[in-house]
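I opened this entry to look up a few things and write down what I found.

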Amino acid sequence: MSQTSDSNKLLMPISEQDHIQGVIEASVVLVEYGYYQCPSCREVYRMIQAIQQQIPLRFVFRHFPQIHLHPQAQKASEAAESAAAQNKFWQMHNILFEHQSALNDGYLLEYASAIELDINRFLRDMTDHVHAERVTQDMQGGIQSGVSSTPALFVNKIRYRDAWDTERLLAAILD
């Protein structure tokens, strides 16, 4: 199979709706489809943090919760989006990965408080599933790009399919 077949290409362009971190003019754009209860996504989270310390890159995170595997996955993604509505996506993103074994409602509320979200707004958002559609849109974009499991990474729009190892991912980024 060719490295650039449609199942290896990121088909959903990066937009203002995305959660973007890093250098705007970076020559490397790394897009991840993942979710907060996924153990492999947590490892990739740590790999990306290490790589961000070494080189400038633009990083985009998109939700792809696997609720059939992890029952708190959808709520955690919605909590991140609720934090995003208050301009604190990355703070919540980091907390959720660092505490991925504690993602029930009480903990999500604790994390929202820790990053100083408006708790009443957060509770309304979560109760009314205000951001569920946003999570669904990320998932649909992932499916269009051939994502069926997580983590799924795209380096400059091409699917990364090598080992989940910091050195190999860094080599693919620098290639």
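The notes below follow that list.

Before starting, I noted that this is a predicted model.

Sheet. I looked up the strand order first. I found 5 strands in an open sheet, ordered β1-β3-β2-β4-β5, with mixed pairing. The edge strands are β1 (19-22) and β5 (158-160), and each of them pairs on one side only. From one strand to the next, the twist averages 25°.

Loop residue. I located Thr150 in the loop between α6 (132-144) and β4 (152-155). Is Thr150 buried or exposed? Its relative accessible area is 16%, under the 20% cut-off, so I recorded Thr150 as buried. Leaving aside neighbours within four places in sequence, I listed the contacts of Thr150 as Tyr33, Gly34, Tyr35, Cys38, Cys41, Phe64 and Gln66.

I read off about 160 Å³ of space for the largest pocket. Two or more lining residues come from each of α2 (73-84), α4 (105-114) and α5 (119-128). The largest share, 4 residues, comes from α5. Among the lining residues I wrote down Lys75, Asp105, Phe122 and His129. By class, I logged the lining as 5 nonpolar, 2 polar and 3 charged residues.

Technical notes:
Residues are numbered from 1 along each chain as its sequence is written. This is a predicted model: local features need pLDDT of at least 70, side-chain atom pairs count only at pLDDT 80 or more; totals for chains, interfaces and linings use all residues. Side-chain values use heavy atoms; hydrogens and water are left out. On a 1 Å grid over the protein atoms alone, a cavity is a set of points where a 1.4 Å probe fits but cannot get out, and a pocket is an open set with protein on both sides within 12 Å along at least five of seven lines; lining residues have an atom within 4 Å of a point. Grid points are joined across faces, edges and corners, and a volume is the space filled by probe spheres set on the points. Ala, Val, Leu, Ile, Met, Phe, Trp, Tyr, Cys and Pro count as nonpolar, Asp, Glu, Lys and Arg as charged, and the others, Gly among them, as polar. Buried means under 20% relative accessible area, exposed over 50%, partly exposed in between (1.4 Å probe, protein chains only). Contact means heavy atoms within 4.5 Å. Two strands pair if DSSP finds at least two bridges between them. Axes are lines fitted to C-alpha atoms, for helices over the stretch in contact, and angles run from 0 to 180 degrees between N-to-C directions.
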